2 protein chains.
Amino acid sequence: MKISLEETAKELSERNIRPSIQRVRILAYMKENLCHPTVEKIYNDLHPEIPSLSKTTVYNTLNLFLAAGLVRMLNIEENEIRYDIVMKTHGHFKCESCGEIFNFRINIDDFPADDLNGFTIKDRDVYFKGVCPKCRKEKVKEAE
Amino acid sequence: MKISLEETAKELSERNIRPSIQRVRILAYMKENLCHPTVEKIYNDLHPEIPSLSKTTVYNTLNLFLAAGLVRMLNIEENEIRYDIVMKTHGHFKCESCGEIFNFRINIDDFPADDLNGFTIKDRDVYFKGVCPKCRKEKVKEAE
DNA sequence: AAACAAATTTGTAATCATTATAAATTAATA
DNA sequence: TATTAATTTATAATGATTACAAATTTGTTT
């Protein structure tokens, strides 16, 4: 999906975030690539198009978007932070074999968690891990 | 709760893990301290009792226990790995104010996740964040 | 439009948790 | 006791993230 840069800039302005080229491109990238990218991946993909881009800017921008509630941070794996455009709450499944992260619909907000009476819940993350169907099939083939 | 070191050693032996002093003490520590400690905390707490203890050993031992399924790894926060003795699946709530992590009962295994038909699910983690009751009360006081 | 001030970006260096490595120690076996 | 294997330890290396300060860009005022 191609995201309009003008629309994206407007969206930033509405949140009182000055729409610099870097910010607009990074936010548009996040909307086009719903693959939960790491800073590394965002940088590698955008650097050819924005040669001046620095990795520090990607870090700064993601932290800015995080504070503004535009993106969510995923801590599904210990050695890497991933980011996700904010949308209706959903779960994340990481395939241990290919590393891909899948979204799945789940009603996190309605979970009964009686032990948390009196707690203010601001964030709910559901992380599953295992093997995706594609990798499972490949494993069966290997075994033959 | 005081954990028997003999019992703990036996438990390791049964899993074919040689029960060195360090391993036994670390596992006993995990059972006594259900506070989801970091490697740092485990090291700081045990070092006075085992002066020779090295932080590397704590890392090695936790990774060993992890592979053996004795502990779980918590990636609730991006800059720290925490560990938890394995028990019935439960959720984890981290208070943004005091940093404490609370367990709460939740039937993760029964979640309907129809999008994951065909997926093999091995691990399920539920992380909530917000403010615990104690910190909420303190904030109200401050506001007065 | 020019000058100035503020915000943003950038590159480098610093930090910090974790892992790699290899020597030293401890335990197990012959 | 001698030999071998496993474990622990200290130090160095790695790698992701942040701190910092200079350079650049943008916005504002005259």
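A: A polar side-chain atom of Asn63(B) is placed 3.4 Å from a phosphate oxygen of DNA strand C, a distance that falls under the heading of polar contact, which is a pair of N or O atoms within 3.5 Å, and which within protein also requires that one atom be able to donate a hydrogen and the other to accept it, with residues adjacent in sequence counted only if both atoms are side-chain atoms. This is a predicted model, in which local features need pLDDT of at least 70 and side-chain atom pairs count only at pLDDT 80 or more, while totals for chains, interfaces and linings use all residues. Residues are numbered from 1 along each chain as its sequence is written, chains are lettered from A and ligands numbered from 1 in the order in which they are written, and side-chain values use heavy atoms, with hydrogens and water left out.

Two further contacts reach phosphate oxygens of DNA strand C: a polar side-chain atom of Tyr59(B) lies 2.5 Å from one, and a polar side-chain atom of Thr57(A) lies 2.7 Å from one. Around DNA strand C there are 16 residues, of which Ser20(A), Arg23(A), Ser52(A), Thr57(A) and Tyr59(B) come nearest; a residue is near a strand if one of its heavy atoms lies within 4 Å of it. By class, the residues near DNA strand C divide into 3 nonpolar, 10 polar and 3 charged, with Ala, Val, Leu, Ile, Met, Phe, Trp, Tyr, Cys and Pro counted as nonpolar, Asp, Glu, Lys and Arg as charged, and the others, Gly among them, as polar.

DNA strand D is likewise surrounded by 16 residues, the closest being Tyr59(A), Ser20(B), Arg23(B), Ser52(B) and Thr57(B). Sugar and phosphate account for 82% of the atoms of DNA strand D that come within 4 Å of the protein. Phosphate oxygens of DNA strand D lie 2.5 Å from a polar side-chain atom of Tyr59(A) and 2.7 Å from one of Thr57(B), while an N or O atom in the side chain of Gln22(B) is 3.0 Å from a sugar or linking oxygen of DNA strand D. Helix H4 (55-68) of chain A, with helix H2 (21-32) and helix H4 (55-68) of chain B, each give at least two residues to this surface.

Helix H2 of chain A also takes part in a contact within its own chain. Arg25(A) forms a salt bridge with Glu49(A), the closest N and O atoms being 2.2 Å apart, a salt bridge being a side-chain nitrogen of Lys or Arg within 4 Å of a carboxyl oxygen of Asp or Glu. Arg25(A) lies in helix H2 (residues 21-32) and Glu49(A) in the loop between helix H3 (39-46) and H4 of chain A, so the pair ties together parts that are 24 residues apart in sequence.

The two protein chains also meet each other: 36 residues of chain A are in contact (heavy atoms within 4.5 Å) with 36 residues of chain B. There are 4 salt bridges between chain A and chain B, and one salt bridge joins Arg105(B) to Asp115(A), with the closest N and O atoms 2.6 Å apart. On the side of chain A that touches chain B, strand S1 (71-77), strand S4 (101-105), strand S5 (120-131) and helix H5 (133-143) each supply at least two residues, and S5(A) gives the largest share, 12 residues. That side holds 20 nonpolar, 5 polar and 11 charged residues.

S5(A) runs antiparallel to strand S5 (residues 120-131) of chain B, with 11 bridges joining them, two strands being paired if DSSP finds at least two bridges between them. Gly130(A) stands opposite Ile121(B), and Arg124(A) has Phe128(B) as its bridge partner. Within chain A, 4 bridges join strand S3 (residues 90-95) to S5(A) in a parallel arrangement, and here Phe93(A) is partnered by Phe128(A).
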